[in-house]
Amino acid sequence: MSSRPSDLPRHLRGRAFRLADAPEVSRRRSRASDLWTPVRGARLPIDQQGLASTCHAVALSLPAGAAFSHTTAAVLWGLPLPLGQQAERTVHVTTPTGTRARRGRLIIGHQRELAADQVRQRRGLPLTSPSRTFCDLSEILDLDDLVAVGDRVAHDHGAAAIEAELARRPRNRQPSVLREAVALIDDRAESPKETELRLLLVRAGFGPFAANFVVRDASGRFIARVDLALPAQRIAVEYEGDHHRDRDQWRRDLARRRRLEALGWIYLPVTQADLSDPADLLADLRAAVARRG
């Protein structure tokens, strides 16, 4: 039976450290089963294999001005990504022009122009700013996924931040998907599913929609805030995820719908099945629009 590894010095426990900064850790101890090697010359506790922990280890050897970027920055900023990209174990690192791009088993390196004001600190890590991250993701994501990211960035940080970031890029460094995405961004959107639903309906010829539209009665009393609205026709289209199956939420939803319909609104609930096969949803929306003339 293998013996239990000896305790690390207190100041090294539970965090990433460079071997060069820990001469008291023997070569044998650095290879013990309670540690792993995310990048050459660094160690992490074996129970810390999440993205943030890995980035803290990689950050120990980053050159000045470098930052975590692309999908890595997106996850750490809490931006919506497809599930496959959310689960990536590799980390993206952007180094400024003139500084050699980082490479490694877990590192995807990029060499780009990167100004100091395009880097922010979050959770003790240098990340490309949300607006810069959105633009960089145009190298990876398809249009709809990129719009979902842009909606979140615009909602949380302002659409002007994206416009300013785009203005810094020469036209020849603006992929067509990036320009298309910027034109579709709505800073009132609050979830990727709302974005997906809006894009589906707009491409089918409906809209323009008011996202997260507040409905009030004649006295000004708040009635509801609906995902997508055609206010002139009093039509509400709402995505209902699995949390709407909760009993209390279901009861609140019924009361809310009743209040909307009492004011003359047509209410169209949408589920994932409708997004996957939208023919019936589009037919129902066409009928609702026709009823309103």
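**A space inside and a sheet**

Student: How many residues of the lining of the largest cavity are nonpolar, how many polar and how many charged?

Tutor: Let's sort out the words to begin with. A cavity is a set of points on a 1 Å grid over the protein atoms alone where a 1.4 Å probe fits but cannot get out, and its lining residues have an atom within 4 Å of a point. Ala, Val, Leu, Ile, Met, Phe, Trp, Tyr, Cys and Pro count as nonpolar, Asp, Glu, Lys and Arg as charged, and the others, Gly among them, as polar. Sorted that way, the lining has four nonpolar, two polar and three charged residues.

Student: What kind of model is this?

Tutor: Residues are numbered from 1 along each chain as its sequence is written, and side-chain values use heavy atoms, with hydrogens and water left out. Local features need pLDDT of at least 70 and side-chain atom pairs pLDDT 80 or more, while totals for chains, interfaces and linings use all residues; the model is predicted.

Student: Which helix gives the most to the lining of the largest cavity?

Tutor: Helices here are DSSP runs of H or I with at least four residues, strands are runs of E with at least two, and both are numbered from the N terminus. Among the lining residues are Pro-80, Asp-151, Arg-152 and Glu-190, and helices H6 (143-157) and H9 (192-203) each supply at least two residues. With three residues, the top contributor is H6.

Student: How much space lies in the largest cavity?

Tutor: The search of the whole structure finds one cavity of 30 Å³ or more. Its volume is the space filled by probe spheres set on the grid points, which are joined across faces, edges and corners. That space comes to about 50 Å³.

Student: Is Val-182 buried or exposed?

Tutor: Val-182 sits in helix H8 (residues 176-184), and its C-alpha is 9.1 Å from that of Asp-151, 31 residues apart in sequence. Relative accessible area under 20% means buried, over 50% exposed and in between partly exposed (1.4 Å probe, protein chains only). At 15%, Val-182 is therefore buried.

Student: Is the aromatic pair stacked, edge-to-face or tilted?

Tutor: One aromatic pair turns up in the whole structure. Rings of Phe, Tyr and Trp (its six-membered ring) pair if their centres lie within 6.5 Å; planes under 30 degrees apart count as stacked, over 60 as edge-to-face and the rest as tilted. Phe-213 and Trp-265 have ring centres 6.1 Å apart and planes at 35 degrees, so this pair is tilted.

Student: How many residues apart in sequence are the parts that this pair ties together?

Tutor: Phe-213 is partly exposed at 26%, while Trp-265 is buried at 8%. Phe-213 belongs to strand S9 (residues 210-216) and Trp-265 to the loop between helix H10 (247-262) and strand S12 (266-270), so the parts are apart in sequence by 52 residues.

Methods: 1 Å grid on protein atoms, 1.4 Å probe; cavity = no way out; pocket = protein on both sides within 12 Å on 5 of 7 lines; lining within 4 Å.
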